[in-house]
Amino acid sequence: MSDAFDDLTAANRDFASRFGLAGFDGIARAGVAVVTCMDSRIDPLGMLGLSPGDAKIFRNPGGRVTEQALEALVLGVHLLNVQRILVVPHTRCAMASATLEELRARVGESAGQDVSWQTFGVVADQEAALRDDVHKVTSHPLIPESVAVGGFLYDVDTGLLDRVV
Ligand SMILES: [Zn+2]
């Protein structure tokens with residue numbers, strides 16, 4: 001059957017033929033968890049010099065610390081060896097450069113229908129949001145003080161991380 005996924009499943013067979021990640025136990029071997037944006041310009045492992053198996057990665061639009069992100073971090077800290085957490089939004093993020101009305105207008109134009117019911121987590125002040133997000137992690141009752149938590153802004157034009165919190 002030929003379909004939209006043919007190139008990807010072919011690449012997967014090639015990947016599996018050279019597969020070297022079997023037998024991993026699923027812990028974060030470098031003790032790292034990263035919350036970052038879904039943006040395709042971000043390579044969360046590569047930007048930190050890490051490899052598969054080293055880190056837990058949680059991604060969403062904007063790289064926000066949502067309830068699900070906190071769920072992932074609690075599991076990471078208590079069951080998966082996470083000792084360092086990086087929250088990493090980035091420059092030129094669509095979630096931080098448009099208003100809710102603008103995003104709804106753009107998606108509505110693409111969808112050809114009213115999308116006023118769809119929520120988008122837009123960010124008005126990226127640095128303030130990052131401080132809030134880091135605080136959500138550090139103040140969580142199930143994240144112990146021994147866990148290091150940092151807030152960084154990733155520059156998609158230079159590849160550099162800038163520590164904000
Ligand atoms: Zn983004």
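## A linked trio of charged side chains

In this predicted model, Arg 64, Asp 133 and Lys 136 are joined in a network of salt bridges, a salt bridge being a side-chain nitrogen of Lys or Arg within 4 Å of a carboxyl oxygen of Asp or Glu. Local features are reported at pLDDT of at least 70 and side-chain atom pairs at pLDDT 80 or more, while totals for chains, interfaces and linings use all residues. Residues are numbered from 1 along each chain as its sequence is written, and side-chain values use heavy atoms, with hydrogens and water left out.

Helices (H or I, at least four residues) and strands (E, at least two) are DSSP runs, numbered from the N terminus. Lys 136 also meets Asp 133 in a salt bridge (3.6 Å, N to O), and these two residues both lie in helix α5, three residues apart, about one turn of the helix. Asp 133 counts as buried because its relative accessibility is 2%, whereas Lys 136, at 38%, is partly exposed; buried means under 20% relative accessible area, exposed over 50%, and partly exposed in between, with a 1.4 Å probe and protein chains only.

## Another salt bridge

A search of the whole structure finds seven salt bridges, and one of them joins the side chains of Asp 54 and Arg 29 (3.9 Å, N to O). This pair also links distant parts of the chain, since Asp 54 is in the loop between β1 and β2 (55–60) and Arg 29 is in the loop between α1 (6–17) and β1, 25 residues apart. Asp 54 is buried, with a relative accessible area of 13%, while Arg 29 is partly exposed at 47%.

## The zinc ion

The protein donors of the zinc ion are Cys 37 (SG), His 90 (NE2) and Cys 93 (SG), which lie 2.0 to 2.3 Å from it, and in sequence these donor residues are spaced C-x52-H-x2-C. Donors are N, O and S atoms within 2.8 Å of the metal (3.2 Å for Na, K and Ca), and sites may look incomplete because water is not among the atoms.

Cys 37 counts as buried at 3% relative accessibility, Cys 93 is buried with a value of 4%, and His 90 is buried as well.

## Thr 36 in strand β1

Thr 36 lies in strand β1 and is buried, with a relative accessible area of 0%. A polar atom of its side chain is 2.6 Å from the backbone oxygen of Val 88. Leaving aside neighbours within four places in sequence, the residues in contact with Thr 36 (heavy atoms within 4.5 Å) include Ile 42, Phe 58, Asn 60 and Val 88.

## Nonpolar cores

A nonpolar core is a set of buried Ala, Val, Leu, Ile, Met, Phe, Trp, Tyr and Cys residues joined through side-chain atoms within 4.5 Å. The largest has 19 residues, and those with the most contacts inside it are Leu 73, Ile 85, Val 137 and Ile 143. The elements giving two or more residues to this core are β1 (32–37), α2 (67–79), β3 (84–88) and α5 (126–138), and α2 gives the most, with five residues.

Definitions and conventions: A polar contact is a pair of N or O atoms within 3.5 Å; within protein, one must be able to donate a hydrogen and the other to accept it, and residues adjacent in sequence count only if both atoms are side-chain atoms.
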